[in-house]
Amino acid sequence: MPSPGPLTIATADPAALADTGRGEDLHAFVRAILPLHRSITGDGLRATLHEIGERVPLAIREVPTGTRLLDWTAPMEWAVHEAWLAAPDGTRLVDLRRDGSLAVVQYSRPVRLTAPLRDLRRHLHTLPERPAAIPYRTAYAGDTWGLCLPDERLRDAKERFGEDASFEVVIESRLFDGALTYGECVLPGDSTDEILISAHACHPALANDNCSALAVATALAGEVMVRRRRRFTWRFLFAPATVGAVAWLAANRNPTVRAGLVLANLGDPGGLVYQRSRRGTLGQPALIDRAVSIALRGRVDVRPFEPTGYDERQFCSPGFDLPVGRLTRTPHGEYAEYHTSDDDLSLVTPAALAASLDAIRDIADVIEGDRRYRSLAPFGEPHLRPRGLSDAAPDDRAAMLWVLNLADGHHSLIDSAERSELPFHTIRRAAERLLEAGLLEPLD
Amino acid sequence: MPSPGPLTIATADPAALADTGRGEDLHAFVRAILPLHRSITGDGLRATLHEIGERVPLAIREVPTGTRLLDWTAPMEWAVHEAWLAAPDGTRLVDLRRDGSLAVVQYSRPVRLTAPLRDLRRHLHTLPERPAAIPYRTAYAGDTWGLCLPDERLRDAKERFGEDASFEVVIESRLFDGALTYGECVLPGDSTDEILISAHACHPALANDNCSALAVATALAGEVMVRRRRRFTWRFLFAPATVGAVAWLAANRNPTVRAGLVLANLGDPGGLVYQRSRRGTLGQPALIDRAVSIALRGRVDVRPFEPTGYDERQFCSPGFDLPVGRLTRTPHGEYAEYHTSDDDLSLVTPAALAASLDAIRDIADVIEGDRRYRSLAPFGEPHLRPRGLSDAAPDDRAAMLWVLNLADGHHSLIDSAERSELPFHTIRRAAERLLEAGLLEPLD
Amino acid sequence: MPSPGPLTIATADPAALADTGRGEDLHAFVRAILPLHRSITGDGLRATLHEIGERVPLAIREVPTGTRLLDWTAPMEWAVHEAWLAAPDGTRLVDLRRDGSLAVVQYSRPVRLTAPLRDLRRHLHTLPERPAAIPYRTAYAGDTWGLCLPDERLRDAKERFGEDASFEVVIESRLFDGALTYGECVLPGDSTDEILISAHACHPALANDNCSALAVATALAGEVMVRRRRRFTWRFLFAPATVGAVAWLAANRNPTVRAGLVLANLGDPGGLVYQRSRRGTLGQPALIDRAVSIALRGRVDVRPFEPTGYDERQFCSPGFDLPVGRLTRTPHGEYAEYHTSDDDLSLVTPAALAASLDAIRDIADVIEGDRRYRSLAPFGEPHLRPRGLSDAAPDDRAAMLWVLNLADGHHSLIDSAERSELPFHTIRRAAERLLEAGLLEPLD
């Protein structure tokens, strides 16, 4: 495991974090970072990482343009200052400053021209089936330009001025040798084995995809940071999608990831959806897969791995095959507002954000709390009464019997939770009582 | 395997046993043992074992109080001679001699006092939701006392006399150094490997739990005893729950149990319920699990192992992990009369008892009859006609083809029965014909 | 693998085969071979093989009567020239020449007698529940005789003439030392490992069972024959049921069969039914099982192996245990016309035959096209854009990501097709593009 490097600590005041978990705070954080002009590189991304770094200790990595990153290359940096389309009467049909960063196709080259609307059409992106919304478009190859606007505005202009009228386009953008930026928050634990939490940080003004997960992951990092003790080292990665994850992997060729989660779309009203890790799908369920199923029993839709989603594509590529799953509410492409300007602050609710954080905290508790034990009284049931354990409530008593029965060195608390269908915290509490009573020997 | 020790044979006249299997006989046996004042120790338990010993050869074990038994200790012996609660007018609200052994909390210490009803309340156990029934209560720690009575009688007395009226309580009981008693019937077979059938023998006047299983297990032992030949050694264990099973395990630290069944609640009108063995639940199904599924196909509800039931908790503790399942009709706690005086002779029917015996006999037939074979004509199908096997009925013919196809040394008759969905006896008969025809070589 | 021996090539003109796949051609072939007087030996079987040999290169094997064949013996050859039953007025109730080969019980000994109808009854086979149909009956032991006729004709004759009237029976048949005949078409491929396609060729005038599969298998052989390249050696076996398959196995004691299919009943209107191989049922699915499930996803009913069907009984006997499944439309015994004269040209449709051929061609494509690859860019996702692969249609793009993700040396294209639920040809095309782009290394 390469050293995580020096941390560029921001405030990270634990006291200030106490409320981070609350839905309103999460929503406020989404609101704060939503307007920043994010792309896979650039100052909007840096500003977003800065906001995260105000809340948790964050190391910022800058990877120079042109750096070889596995099969990829760190891209040119892109900046955009102006982008608009004006009708013959000067009305701006769309304007980056007014309509936000979706107005311009990401990585558009600069352009300044006046031309008949007819000739501009192939550079103007709209959603006829969603006429009031601006679509999200990218052109990372850097060899074209485009503007995105509501279909209804374009149709209206066409009716008013005709397709032969001259419209003015201005895009002031710049592609230059700069850097690819990502941030990571590493919280060392008893073990150098890591829990990896990753959220893509590059998408522009889309609230659910992925300001929601940035907010939830930041809040979780804040909570993990103030834990009295961490079993594992926790690493929170905030990076541009694909090439950012690739950049991290390029710098961490042998990551000791024990379990990982890619987080996305955690603020919409849909139910939780978990995509299992690659290795958990192809073979035996991995720790992360089992922890999610136990922690979110009855409140998650579990799906097999597919190589077509977010950055689990990178972490689960065959050369790495890390045990990384993905937790979302509604997955990419399955909600109508996906990749449009309707993925806004009204789609993302405080309640959904808070429930997402609760869910991930429960998963974290299982991962941190799972243990194997060996019973010190494995022959027959131990006599609970003389040890003061016989007055437990029925669930606690059942939990003790499960933990004792499975304390054979092969099964862990997760097995007891799976088979008993009792909550993990009930199982864990039972194990702690049995440990105190001298009936168990911890194995890990 | 330690020697089963000398048998204290009672009559055990096979001729007398011929009718034991009939439902009326089973019910008569339940009726005979129901009133005996059973507890986890004592003369009621001994009298119950004596009744069993009248029917099958039974070795009686007496384990002195204080003997270390794995994590347990053989308890003090308890005897009770009187137990009653009298109203101011001398009426006995409950009386051990009249109402039976449920009237007193098991292991009550002696008491003789007169006190306002109000002050006695915490020692008087009733079931408000089942006002005519007496609950079953125990206090094995031996440091308290209590009486159990119908809630309607207590309410009636309270109305008539008021809570300040003085009631008289008498419990004449004795805790003393004696012994824990259990009985076992061992029927040697060709192999010293054992089939263990266990039924708890300690519960007081409850017909289903567990006079029913005592009757069925005794009848099965009688049937197994008169078999011409036994493949395995059969051991029938009649012991007080928990500490009795622990005592047996303490005396048999390396039991060569090939398959086992804990029997309970076999007389109620509910369907059969089988709980798989621990090892059959955690890994591959064990012989007992497969035998039950085959023998009772379509007439049993199969459940995974849980460490919260009867004596399978001891046999399946991780240090032993014996392949022992549990067969009941309605499991503990799942019928309304459970652990009340309504678990009586009307809940238990001759038909249910007889059907339970039939079911266990079918299971025994599978266990005794399962074999692996190697085909002596494995290349292509053997030609059945010249061997006089071509005129079989369709099921018999299919059974022969299944047995031949799976006679590869790895699969047994249980596999053929599972995959063909034919009855085990059809499969077994086919194997016998093929064996006679020289087409099979037995492997075990 | 024993040499397949010299081929007795018939015409086998590829150009003539171009249309074989069409339903009408398949139906015409069924029509052509239906009236031939097939049995498990004899000239009707030879004529049928001749018809097949007109279309594909076919080696004809003649196994002399009395040859030891595993547990069997090559039977006497049987020929029948006349077979009829005449009423007192000379009317023929049934006549081989008029009613076809079902009229006589197969392997009837010769007979010529006149007797009261009452005395002939046990030799006259009818179907009271299907009064207009002639049943199919056999008596291979060769020690009896019988005629088969419509029940309504027999009842009518009984009413008209009475049971005491004398009827005349003539069967001119001959049992003699001859040969058991079968044919095989072997099409060598890059590997000597074989794909075995087998169809029983012995049943008399039954269109579905099995002229349908003879037609489809012949057409498939024609198609495989003209393929530019074959990965595996393809062997098409046309043999009498049971003893014919046994004869082939006796001559091929160590067949290197990589995958196999027994074909039968491929012309009726029922849906496709696949019975898995023995080894695929007892253990992990075999190549043939997976190929069928992938190729026929959503259009096949998959069942476990049973040793009670067609020649998979021989191929899957425990001494061979070849990976051979069985594809039918309605299986034997599950359609009302089964083994009666109603299994005729109206039951078998061009559309069903053509769809069966399509299905088997799809299976063949999966078997021939499956490959394992190793990714040459396994760390993270490879960058598709610089390789010109980023403009693929969504399914093609998903297919590329699946193939890359599973290109770990352990998984094959079948795995990608199974997990992605994309069509196999989409997966295969993706693999080809990735191979061209230098991203994959083929492993087999």
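Visitor: Which residue stands opposite Leu261(A) in E16(A)?
Guide: This is a predicted model, in which local features need pLDDT of at least 70 and side-chain atom pairs count only at pLDDT 80 or more, while totals for chains, interfaces and linings use all residues. Residues are numbered from 1 along each chain as its sequence is written, chains are lettered from A and ligands numbered from 1 in written order, and side-chain values use heavy atoms, without hydrogens and water. In E16(A), the residue opposite Leu261(A) is Gly325(A).

Visitor: In which sense do strands E13 and E16 of chain A pair?
Guide: Strands (E, at least two residues) and helices (H or I, at least four) are DSSP runs, numbered from the N terminus. Strands pair if DSSP finds at least two bridges between them. E13 (residues 257-263) and E16 (residues 324-328) of chain A share 4 bridges, and the sense is parallel.

Visitor: Which strands are the edge strands of the open sheet in chain A?
Guide: The sheet has 8 strands with mixed pairing, in the order E1-E10-E12-E11-E13-E16-E14-E15. Pairing on one side only marks strand E1 (59-64) and strand E15 (300-303) of chain A.

Visitor: What angle does the direction of helix H12 of chain A make with that of E13(A)?
Guide: Helix H12 (residues 350-369) packs on the sheet, touching (heavy atoms within 4.5 Å) strands including E11, E14 and E16 of chain A. Angles run from 0 to 180 degrees between N-to-C directions of lines fitted to C-alpha atoms, for helices over the stretch in contact. With E13(A), the value is about 175 degrees.
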